[in-house]
Amino acid sequence: MIGLLDSQLRVVVHGGFLYLPLLMDPSVKGETELAGGARAVPGNAGGTERGPLLRVRGELYVRSLKVDGLVNCLGMLQPDDAAPIPGELPATPSRTAFCGVSPGSKLTTLVLEVMPHFVRRRTREGGGRPTGKDILEEIRRRFDIPESFPGDTGGQTVVDALTQVREETRRRIEVLRPPADEPIAARELKGWLLEAVRLGFLDDELSRMKSVMADMGRHPWMNDGHRAVLAFLCQRGALEMDGFGFYRHGSADEFIVYVHTGDYALQDFYGRVYRFPDCRVAVTTWGPPRPFVLDRYRHPFLESDGRGQPICFQDSGRWNGEFSAGAVIGGIEGGINALFHGYDRRRRNGYHSLDPLTPYERTIRFEDLRIDRDHPDIRSGRVEIKNLFR
Amino acid sequence: MGLTDQIKRERAGKKFRRPFVPSLFTIVAGIVQRYGLDQNFPRKLDNLAGLPTTSLFPTKESLFKPPRAHALFALVTEREYRIAEAILQRIRNPYLQFARSPDEILACNPLFTLNPSLDAERLLNHHFMYLLTQELQRRGTQPPTA
């Protein structure tokens with residue numbers, strides 16, 4: 001198929017299908033004769049059609065691909081020809097740049113819904129949970145973002161430009177449209193198909209832009225300054241503020257979201273205290289929001305001491321939800337709670353225990369984390385012993 | 001040979017792989033495709049009532065047996081199919097399956113007429129025109145001039 005569209009092979013477009021010359025051997029010839037007589041094609045002077053066969057000007061053609069399917073897959077079949085099409089369109093915000101401005105994007109959900117849950121105490125002391133608007137203004141103040149950011153292009157301008165290009169493309173398609181039921185060289189057909197691909201791409205972009213603009217109505221309070229903050233974050237792809245952070249994974253609207261635990265302490269069966277350093281508990285915005293640690297870390301609930309280890313949970317099937325602000329918050333809080341309060345010093349649960357019963361089972365050791373119970377940080381409350389419930 | 005021996009022989013034969021033999025259509029269609037033969041070619045066969053004329057005989061240097069032209073299975077356009085069928089209708093002898101070029105197709109009928117008992121080894125390894133020349137020399141005759 002890839003070589004076909006660069007060849008001089010004569011093909012026919014009929015009834016939404018691409019017909020190729022029928023290749024023959026005696027068995028194929030027998031089957032075409034078994035198919036019997038043919039009926040006339042309406043509106044076609046010299047063509048007759050029978051089942052998948054079409055006779056045009058004395059030559060037999062066989063039905064092959066649907067033209068719509070060919071248009072949909074041309075990007076994969078002819079990447080060298082189809083790939084430059086997006087670049088030839090008028091300057092529009094790229095998908096990555098625009099995803100941050102759309103209220104439906106994951107970035108916006110993280111900033112406006114997840115972030116207020118984790119930074120509330122530090123943003124508004126004693127004032128309850130901040131709103132998304134408060135968060136955006138705080139980010140703008142800290143990062144000194146200008147009122148209009150280059151990534152924040154006017155949506156209606158883009159829609160107008162795209163509509164104009166779409167009309168031009170549609171006119172070109174009409175000019176290049178192959179004559180119905182007439183044999184044409186496959187190479188001529190390729191130009192028409194590429195224009196159809198361009199039209200499909202423009203339709204996708206237009207519908208995306210329109211949905212973005214419709215989403216804007218969900219946050220009527222959002223002004224240009226707020227959108228500039230989102231565009232800034234979208235271009236930057238990462239943010240860390242007051243122990244909460246995220247960074248983009250790949251080039252799409254996918255992120256790794258994390259929260260710092262800060263230093264904390266756990267006690268073992270004998271009441272000895274172990275001071276655990278800060279680590280980042282994270283979830284991803286793709287796949288199930290199962291919490292894991294981003295950094296190298298040791299803990300009774302982690303299997304080894306590497307990076308990216310999932311935190312041990314008794315009920316691992318609980319992380320099956322799709323992306324939502326609630327799922328991200330639940331995942332991170334579940335992970336932090338497991339690290340803080342999951343270890344029972346009497347049961348010695350988890351992969352490892354702080355004080356194992358036999359020396360032979362020690363693959364991960366915690367002795368170096370042990371501190372005195374009268375350590376100044378413990379006494380002052382800067383480092384809290386989290387498993388004091390038994 | 002008794003029935004038992006016959007059954008044993010048949011069963012023994014089934015155990016071995018038999019070489020793939022392409023159909024006559026595949027051979028002829030392969031030559032039509034490779035050499036781009038047109039609809040005039042079958043008419044040449046009609047015109048050759050007896051022996052090919054000397055003008056059709058290739059030079060000595062070109063009398064090598066061409067390599068096999070056909071694929072395992074032939075799928076050709078309708079025009080090529082009609083040419084191949086026309087050739088098959090005009091040549092009905094076992095030498096055709098050893099033909100590798102249009103010249104050999106032309107020599108097929110006269111060669112079979114002169115000597116229908118050539119073994120497969122010679123037909124596989126020698127150009128039909130060379131074999132035809134040899135047969136004519138053996139009989140002391142010359143091909144007719146154009």
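Modeller: Here is a look at helix 4 of chain B and what lies around it.

This is a predicted model, in which local features need pLDDT of at least 70 and side-chain atom pairs count only at pLDDT 80 or more, while totals for chains, interfaces and linings use all residues. Residues are numbered from 1 along each chain as its sequence is written, chains are lettered from A and ligands numbered from 1 in the order in which they are written, and side-chain values use heavy atoms, with hydrogens and water left out.

Let us start with the helix itself. Helix 4 of chain B covers residues 78-90, 13 residues in total. (Helices, H or I with at least four residues, and strands, E with at least two, are DSSP runs numbered from the N terminus.) From its first C-alpha to its last, helix 4 of chain B reaches 19 Å, close to the 18 Å expected at 1.5 Å a residue; the expected span is 1.5 Å times one less than the number of residues.

Next, which residues of helix 4 of chain B are buried? They are Glu78(B), Glu80(B), Tyr81(B), Ile83(B), Ala84(B), Ala86(B), Ile87(B) and Leu88(B). Buried means under 20% relative accessible area, exposed over 50%, and partly exposed in between, with a 1.4 Å probe and protein chains only. Their cover includes helix 2, helix 3 (40-47) and helix 5 (102-114) of chain B. Chain A is part of the cover too, with helix 1 (26-34), strand 5 (53-56) and strand 6 (59-66).

That brings us to the interface. Seven residues of chain B are in contact with eleven residues of chain A, where contact means heavy atoms within 4.5 Å. Chain B and chain A bury about 810 Å² between them, 58% of it on carbon and sulfur atoms. Buried area is the accessible area (1.4 Å probe) that two parts lose on being put together, summed over both. On the side of chain B, Leu75(B), Glu78(B) and Tyr81(B) lose the most area to chain A, together 68% of what that side buries.

Glu78(B) forms a salt bridge with Arg55(A), with the closest N and O atoms 3.5 Å apart. A salt bridge is a side-chain nitrogen of Lys or Arg within 4 Å of a carboxyl oxygen of Asp or Glu. By that rule, one salt bridge is found across the interface of chain B and chain A.
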